[in-house]
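I opened this notebook to record, step by step, what I looked up in the structure shown below.

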Amino acid sequence: MVTRAEMSQPRKERRGVPSAGGSALDMDTAVVILGAGVTALTHPLLYVKLLIQVGHEPQPPTAGSNLFGRKVLYLPGFFSYARHIVRVDGKRGLFRGLSPRIMSSTVSTVVRSRVKQVTPIPDMEHVSNKDDIKTSLRKVVKETSHEMAVQCVARIFTHPFHVISVRCMAQFVGREMKYSGLFSSVAEIFRQEGIAGFYVGLVPHVLGEIIFLWCCNLLAHFINTYAVDAIKAHAYCAFHLQFTQAPAVRSYTKFVMGIAVSALTYPFLLVADLMAVNNCGLQAGLPPHSPVFRSWIHCWRHLGAQGQLFRGSSFFFRRVPLEMAALAVE
């Protein structure tokens with residue numbers, strides 16, 4: 001028999017369904033666990049990528065041929081590089097710098113959840129098929145601005161862990177043990193560089209993420225508005241058939257745009273990672289491995305002059321730079 005007190009409670013609570021706060025907490029926990037798993041699985045890829053970014057090439061290039069039959073020199077790909085790391089440090093060596101990355105993923109999830117609680121998603125206006133062009137564009141700008149604010153706040157909180165992770169991985173170059181643990185690394189950075197040491201490379205990282213976010217969202221919006229809808233209208237008018245695949249195309253447009261735009265904004269992430277290592281006491285960030293950069297703009301110009309702004313963007317079929325190829329021939 002249900003009492004009066006039980007009847008006064010919300011129906012979902014009487015049935016044992018958790019409240020909205022409990023659901024949000026459960027969702028955050030699930031995202032944290034999932035994020036930690038994905039981070040652990042993908043860490044060897046990012047580890048190899050980071051070592052390529054700092055210019056560490058411990059294995060000689062191999063001769064090969066391109067699609068036109070011309071002989072070229074190729075640098076080792078991911079699997080060859082990973083096997084080299086295993087030979088030097090063992091299988092556990094592939095996960096150097098993993099704990100700061102997991103901490104960064106966890107903090108990012110928590111911060112994003114808290115920021116979204118301050119500006120709840122239901123209060124945001126979402127784009128509808130019934131909106132006109134001006135209204136839909138206004139809503140896209142508003143949504144993107146909200147996403148940008150969330151991203152910037154999360155980056156400020158997680159960037160110190162990113163710096164620690166990058167430096168832990170870069171120690172492979174010089175075989176140092178300066179950054180061996182999370183807490184000892186925090187103490188080392190604070191002692192040597194102060195608070196500013198935790199935010200080296202923050203500006204290019206944030207700029208790259210902001211440019212990626214705006215370009216991806218706006219390009220996807222304009223393609224969906226002008227291209228997909230135009231194809232749908234043309235198909236309907238010309239053949240009296242509705243373009244039924246338009247909703248599916250819209251759902252994949254943002255994903256495809258993300259892949260394309262990420263390639264264009266890669267130099268920002270490369271410069272951010274190099275600045276996190278530069279002049280921190282590790283061989284990977286000091287001459288002769290790397291010049292000492294005055295700023296991230298100096299780093300960008302140096303890489304641009306050498307044609308290395310996309311170094312590390314590919315794991316396979318890595319062509320030897322022209323300068324290195326010429327030395328190899330000589």
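R175 sits in the loop between α6 and α7, and its phi is near 60 degrees, a positive value in a residue other than glycine. I note for comparison that most residues other than glycine have a negative phi, and that most peptide bonds are trans.

Before going on, I record that this is a predicted model, in which local features need pLDDT of at least 70 and side-chain atom pairs count only at pLDDT 80 or more, while totals for chains, interfaces and linings use all residues. Residues are numbered from 1 along each chain as its sequence is written, and side-chain values use heavy atoms, with hydrogens and water left out.

I then turned to F317, which also has a positive phi, near 55 degrees, without being glycine. F317 lies in the loop between α10 and β3 (318-319), and F317 is exposed because its relative accessible area is 72%. Helices (H or I, at least four residues) and strands (E, at least two) are DSSP runs, numbered from the N terminus.

My next entry concerns a peptide bond: P287 and P288 are joined in cis, with omega about 5 degrees. P288 belongs to the loop between α9 and α10 (296-306).

Is E188 buried or exposed? I found E188 buried, since its relative accessible area is 15%, and placed it in helix α7 (residues 182-193). The side chains of E188 and R191 are joined by a polar contact of 2.9 Å, meaning a pair of N or O atoms within 3.5 Å; within protein, one must be able to donate a hydrogen and the other to accept it, and residues adjacent in sequence count only if both atoms are side-chain atoms. Leaving aside residues up to four places away in sequence, E188 touches K178 and Y179, where contact means heavy atoms within 4.5 Å.

Finally, I looked at the protein as a whole, and counted eleven helices and three strands. From the N terminus on, the elements run α-α-α-β-β-α-α-α-α-α-α-α-β-α. Of its 330 residues, 38% count as buried. Among contacts with a separation of 6 or more, 72% are between residues 24 or more positions apart.

Terms used. Buried means under 20% relative accessible area, exposed over 50%, partly exposed in between (1.4 Å probe, protein chains only).
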